[in-house]
Amino acid sequence: MSTGYQIVVCGSIVPDPLQSLEPIAGPTGPALKNELMLPAVIDPWAGHALYEAANLAAKNPGSKVWLVSLGPKAKLQQVMMAVGQKVPFELVALDGPAGGFTDAHEVAAKLADAIKAIPGLDRSKLLVFGGWESASRGAGATLQLVGERLEICDQFQGVDQVSAVEGGLEILERVEGGKHQVSVCAGPPAVLGWATGSLGEPRNNPQVGMANMRTIMPALQRATAAAVGIGGIQYQSVALPTQQRVTRIVKDVPADEIARELVEWISQD
Amino acid sequence: MFSTKEILLTDPTTSTEGAGVERQTMNVDVVCVGFGPAMGGFLTTLSRALSDPAAASAFQSAAMPGMPPQVLCYERAEDLGFGVSGVVTRARGIRQTFPDLDPSQIPMATPVGDEKVLYLFDPVGASRRSAGLKVADRLAKTFKFLLKYDLDAIEIPFTPEFLHKKGGLVLSIGQFNQWVGAQVMGSGAVQVWPGTPVSKALVEGKQVVGVRLLDQGTDKQGRPEAGFMPGMDVRAPLTVVGDGPVGPVGRQLDEELGMPDGHHRRDWAVGCKMVVSLRDDVDLKPGTVLHTFGYPEPEIFGFMYVHPDRMASVGIFVPSWMDSPVRTSYRYLQHYMMHPYLWRYLKGGTLRSWGAKTLLESGMRGEPQLAGDGWARIGEGSGSTNVLTGSGVDEAWSTGVQLAEGVLQLWKEGKPFTRENLDATYVARRRASWVEAEGKVAEKSRDGFQRGMVTGLLGMAIAGVTGGKINLGPEPVAPHERIPSLADYYAGRIAPEELERIQKESAARGVPLHEALMDRAGWPAIPYDGQLLVSHQDALLMGGKVQAPGGFADHVVFTRPELCKDCGEKICISVCSGQAITLGEGSVPAFDREKCVHCGACLWNCSQPLEKGSERTNVEFRAGAGGLHSAQN
Amino acid sequence: METILVLAYTESDGSLAKAGLEAVGAGVELAKALGGKLAVGLFGADVQSAAQAVAGCGAEKLLSVTGPDFASARYATDAAAAEALCKAAGATLVIGAAGSRMARVLPGVTHRLGGQVDTHVSCVAVEGGKPVAARWFYRQRIEAKLARQHRPWVLLLDPGSHAPWKGEGAKVAFTAVPVTLSEGAKRTRVTGVKAPQADQQTIRPDAKLLFVAGAGWTKKQADGQPHMAEAEKQILGFLRASQASLGTSKSLADLAGEGQAVLGFMSHLNQVGQTGSTPRHPKGLATCCHGEEPHVVGWRFINERRAVNLDPNCGWARGKADVLYVADAFAVMSKMTELLEKNAGK
């Protein structure tokens, strides 16, 4: 029996969370103001998925990791500079919009096609990883749709841990109340949508970077156009919520008094 | 020539140095330190040549036979967009590289339009103006009907040619660097890695054989911790150093291999700026360039450049010859923005980004050795900035191009990167260029500022007009030699007892001393509006992201704690652009990496020389990860 | 005419959880407003205990998929059950009950139906005779209202998006929908639930109060020293006394994740905002937390907000909180704990 997994991570870019975001009406639907100028990072959960994939691959000789990413080529390139030194992977790049207002169904179709086109793909080794939702659309739908298109019906969301046990893969998924559901899956093929996982962000490793660069730049240059849009969605309004609170600032009051006021507030219904 | 190796004491980075720490090594053809305009020029020129199909045979990698040359650039900041200006440039060198440059392709770029130089009066009455200047102010206001007076400012009617940037570009350095970086990376011929600080150059004798990357997974003192990854050694026949005016690698080379005789770096400034989204009804054309002086203090120069889409960069420069022991930038920037002449445009605007940066204003006198066996320096850190015209981006770019041309020539001729060969190719090109010629005119043009603002301005004008043949002013002294004590600075204005009281109170309340003293001097409190006028810490949060990835050592270090004990001024605290340096336990200031924007102001502001007569201060500014990156920078 | 299917799963005891009842409530209202047909589809081990809960909702079809194979929250079997229910109902609109079990499968099921899905729907309404959904984008920073023409349109609700249905009248009877499971449907076995030790459980979704401890707890205090042990004692003590749910900001969660000697009971699961959660509690108290936007977006569903911070210019001061107390959290929290314990002892 051959060892090793083929781990395909789906993940794209999102604006860095500390930036101010403002919606505008674009020609093809809602978009963010200055979207292409905002510094981008790899979607945080997709990033966790990528690092977990690399970790799993490292533990299972013969494994390989791909990152399938749909986003504007120029931004993908920028983000690859940040991610490319972290873990070894091969990039499959699709040149298209990465905004949160696009339709998950259209994106999933393109991702699934790109995955199917990966040469040498073996279902018996295939694990599809990704973030359980994105920091842009935040739907938690895309990965599942990809899984269905690949006819994979062992899917897990909110994953924090995967480990090899007797009988297959033991997977922990987040459920309500800060708990984890434990399942054992007989093995690939499976889809895992990751939450934050249990690994820290890997350090930058120049040798990893050098090795990755050999495939990243050619992949970006080869990136096929992936026209995705808002699909069947009719946006009726897209707005920043208004902050209506007027803050009362309490200064120069002894801690005891503040504590009393807060306890009273908590105890009210 | 100074060599201060003997003086270096507790250097935590050396704790991982000979201690049998195993380091990986990588061999490449060219390793570069820092990505800014200079490196942009270098890598653009190089990558173009390497991407030329005909080049395949001409350029072969020595490090990886059979491959094209491996050119790697390591940049400290998490993104290539770090840059504080708001820059206006004549863009001669840049245009030579990009003859078809279309500003609309680069976000926030626009051709220069209307240029004005303004003298700003003090509407608040708190700035420290000399008696003479006060008289001049009064006279000017009396005769304002004869002058172009408007909202507490006069437009200087006649400004020398050399100050103008006609035909040039208003740029955002951040956007420009990103744009160049994307092109350079996209060529596939070179690699640029952000988020990867270089700790030091590897020096063997007089030769530089490569660089060592910064250790990761250490505690704040640099000692190995969980996840310790020793910085890799990247060895190359050529190391290109373009790490800016406060870059640690450049300064290490200065210390270990020496500065040329008589050269020193004693003239600096810290620039602090914001990018502001203007109100809808503001009617300023993109490309409008305003340069100001006179407010908030006579020594502080300021600017406002208008970008497309109702954005403006506005900022000030606080120089090393402003002899206040509590000099600071952020609050002065806020007062600057509220000057009536500017406030009419800025009021109601929204802060988009904020940042700060040290400028090396020492010009050619601050030029280090430009090249040696296995290494070359480019950009602002190599003294390329023209301190008369106040322009550096184009000059930096051009030095990068000059080096690239030299490198390509040497590769073609199959010659090694020795001092002689680099001198004959890179340095020769540089000396023959306009960068050198104009730099020579500027060489002593700023010396007059050592005596004061008026002398300085006169000196600049005279130098400009005489082509640098006549200069006013003495040779600068090291900034720490100029700093008066608090008592002396406030003599006749604030009694020593009151000073002491203010110091004690502000320490107890956790309010920075410079804030308390500015209040006392009559500077009004800033009316925060949560949108443009915000607290210093809010600017750090609203104006971008300060990165401080974990596992790296503190990069600002107070070398000899006993010197801090006796230091009454602690200018480092007042001038720190991010309020990362604060009063700590005991007498040594505390440093918080999470607020540091890597401006380097602490380095040259420190009032304590490391040793008597030393050019170095008690603050070390080492290689560090992180910094500030703003969205619309 | 729309056929609205309310899709929910039953708990291990066969009952319908609050989220399910909220979906029923939403379905009933939608059917009325659109003049459409209502159906209810439940899956799980057993649905008998749910029969009373949905009484009186006016559903024309009450469908169920039950059995031991459908007891666990497992994608393959849940998806098969949900698919069968949707097809049997002939649904044009599907209202999915909130919860991780539904979130795991519903988009996948939508694909099998040839439908289109929108998740995390905070509100469904009818405008101009058509259903319209509201949801958040970019981590609760932008809100949008949207509609789709395509059918079936599947909407997965978020908790708290509608008033829960109160069953009234006679118990109802469910019609079982047969489902044939493929061979591969049971490749996964759910083996259990892992929970932190009872006394270490700091996440309490039903708590009335969210208590956020920010990075300021671990920083140097007025005496120039950090006070980790004291901070831990204060925070845990307050949590015990108040039974609040514990949240934190990304910076503190990151420190904890890197194995630093920070507050040992803190993990990424506690994080609010950024990559963390957006919990729902009627009240929230933020301490030693600067109140910057990416964290505060996690407070979107906290109604009443107060903060304790030594910095009068922190983010909470400007419209992000109702009240900001400029004070030392160490002092305030210890006194609060003392008072709460005293009140409880009364």
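Colleague: How many salt bridges does the rule find across the interface of chain C and chain A?

Modeller: This is a predicted model, in which local features need pLDDT of at least 70 and side-chain atom pairs count only at pLDDT 80 or more, while totals for chains, interfaces and linings use all residues. Residues are numbered from 1 along each chain as its sequence is written, chains are lettered from A and ligands numbered from 1 in the order in which they are written, and side-chain values use heavy atoms, without hydrogens and water. A salt bridge is a side-chain nitrogen of Lys or Arg within 4 Å of a carboxyl oxygen of Asp or Glu. By this rule, the interface of chain C and chain A has six salt bridges.

Colleague: Which side chain meets that of D103(A) in a salt bridge?

Modeller: The N to O distance of this pair is 2.8 Å. The partner of D103(A) is R148(C).

Colleague: What area is buried between chain C and chain A?

Modeller: Buried area is the accessible area (1.4 Å probe) that two parts lose on being put together, summed over both. Carbon and sulfur atoms give 56% of the area between chain C and chain A, and the total is about 7500 Å². On the side of chain C, the residues that lose the most area to chain A, together 11% of what that side buries, are Y138(C), R141(C) and R187(C).
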